[in-house]
Amino acid sequence: MIKFFLMVNKQGQTRLSKYYEHVDMNKRTLLETEVIKTCLSRSSEQCSFIEYKDFKLVYRQYAALFIVVGVNDTESELDVSFFNSDLQGMGGQL
């Protein structure tokens with residue numbers, strides 16, 4: 001199950017966020033800061049799947065944007081990765 005969806009620029013600013021579970025605003029801010037720092041600090045040679053706390057992060061970079069999806073342990077990382085690839089195919093329609 002998808003827990004959240006983030007679009008973040010290279011400077012670490014959240015451009016879009018969608019949560020599919022209730023998360024308090026204070027916890028959202030802290031969670032986004034930690035997740036963004038974790039994803040932006042990784043090199044392009046590293047895997048785009050990360051075990052993070054009690055869920056997994058699947059991220060992908062498109063030009064100046066990072067798309068980060070937080071999923072629970074039962075969700076397949078490859079399914080989410082294919083979803084991210086489909087977003088790239090949409091091109092300028094985002």
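Hi everyone, let's start with a pair of strands: β1 and strand β2 (residues 14-19) run antiparallel and are joined by 5 bridges. What I'm showing is a predicted model, where local features need pLDDT of at least 70, side-chain atom pairs count only at pLDDT 80 or more, and totals for chains, interfaces and linings use all residues. Residues are numbered from 1 along each chain as its sequence is written, and side-chain values use heavy atoms, with hydrogens and water left out.

Two quick terms. Strands here are DSSP runs of E, at least two residues, numbered from the N terminus. Two of them pair if DSSP finds at least two bridges between them.

Back to our pair. F4 has Y19 as its bridge partner in β2, and for F5 the partner in β2 is K18. Together β1 and β2 make a hairpin with 4 residues between them. Look at G12 in the turn: its phi is positive, about 90 degrees.

Now, β1 also pairs with strand β5 (residues 65-71), in the antiparallel sense, over 7 bridges. There, L6 has V68 as its bridge partner.

How many residues of strand β1 are buried? It's 7 of the 8 in residues 2-9, so the strand is largely enclosed by the rest of the structure. Buried means under 20% relative accessible area, with a 1.4 Å probe and protein chains only.

Conventions. Buried means under 20% relative accessible area, exposed over 50%, partly exposed in between (1.4 Å probe, protein chains only).
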